[in-house]
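Reader: Could you walk me through this fold, from its sheet to its metal site?

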Amino acid sequence: MILEIVKYGHPVLRKKGERIETITPEIKKLIADMFETMEASHGVGLAAQQVGVAKQLTVIDVRGVTDRPSTLEINGKPAEVASIMPLVLINPVVTPAGEPATGGEGCLSFPEIFAEITRPGTVDVSALDAKGKPISFRCGGLLARAVQHETDHLNGLLFIDRMDKKTKAELQPELDDLQAATKKVLAKK
Ligand code: ZN
């Protein structure tokens, strides 16, 4: 089922997600629906907050992007990025493991808004997978960017919080319009 993606201005985007202790049938259904929703929107990542659920759950799939490479290491050995796609991360913990890198980012909760964001270029990730099994890996490139962007969502952080001041100031009128439009829709509900 394709879910509605909440937009900037919706309070759930600022909520820290609750940890998931058990993979219930409801969580399995949510994961399947989040993948369907992300694919329908041509996104590379989607966090539970973006479908109105404040939980520590995100889905990622970078295979559709061919012009921005990703790297992956599992147990210190290079691995095929596709081998862990599509990726489900539950209760993820992300630790910087490399120099900062700057790259373009968008967000399904901010239609038409894009900006250059600086984040660690390589990160170590540990989480539970869709079955509740612990996983850990090191990643770089687009995958590292996606993991950090989505993990931020799970903590109530948004990419606008990571923009430099000048970029954010330039985008402020668009951000204000989007926030106002979202609040208007919410007030009607
Ligand atoms: Zn986002």
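The questions below go from the sheet to the core, the aromatic rings and the metal.

Reader: Before we start, what kind of model is this, and how are its residues numbered?

Author: This is a predicted model, in which local features need pLDDT of at least 70 and side-chain atom pairs count only at pLDDT 80 or more, while totals for chains, interfaces and linings use all residues. Side-chain values use heavy atoms, with hydrogens and water left out, and residues are numbered from 1 along each chain as its sequence is written.

Reader: Which residue of strand 5 is the bridge partner of Val 59?

Author: Strand 2 (residues 57–60) is joined to strand 1 (residues 45–47) by 3 bridges in the antiparallel sense; Ala 47 has Thr 58 as its bridge partner, and Gly 45 has Ile 60. Strand 2 also pairs with strand 5 (residues 87–96), antiparallel again, over 4 bridges. There, the bridge partner of Val 59 is Val 88.

Reader: Which residues point the other way from Leu 57 and Val 59 in strand 2, and are they buried or exposed?

Author: Buried means under 20% relative accessible area, exposed over 50% and partly exposed in between, with a 1.4 Å probe and protein chains only. Leu 57 and Val 59 point one way from strand 2. Pointing the other way are Thr 58 and Ile 60, and all four residues are buried.

Reader: How far from Val 88 is the C-alpha atom of Phe 35?

Author: Beyond its neighbours within four places in sequence, Phe 35 is in contact (heavy atoms within 4.5 Å) with Val 59, Ile 60, Pro 86, Leu 87 and Val 88. Phe 35 has a relative accessible area of 13%, so this residue counts as buried. Its C-alpha atom and that of Val 88, 53 residues along the chain, are separated by 9.3 Å.

Reader: Which residues form the cluster linked by ring pairs?

Author: Rings of Phe, Tyr and Trp (its six-membered ring) pair if their centres lie within 6.5 Å, with planes under 30 degrees apart counted as stacked, over 60 as edge-to-face and the rest as tilted. Tyr 8 and Phe 110 are stacked, because their centres are 4.8 Å apart and their planes at 25°. Phe 110 and Phe 159 are edge-to-face, because their centres are 5.1 Å apart and their planes at 65°. The cluster is therefore made of Tyr 8, Phe 110 and Phe 159.

Reader: Which residues are the protein donors of the zinc ion?

Author: Donors are N, O and S atoms within 2.8 Å of the metal (3.2 Å for Na, K and Ca), and sites may look incomplete because water is not among the atoms. In sequence, the donor residues are spaced C-x41-H-x3-H. Cys 107 lies in strand 6 (residues 100–107) and His 153 in helix 2, so the pair ties together parts that are 46 residues apart in sequence. Lying 2.0 to 2.2 Å from the zinc ion, the protein donors are Cys 107 (SG), His 149 (NE2) and His 153 (NE2).

Notes:
Helix = DSSP H or I, 4+ residues; strand = E, 2+ residues; numbered from the N terminus. Pairing = 2+ DSSP bridges.
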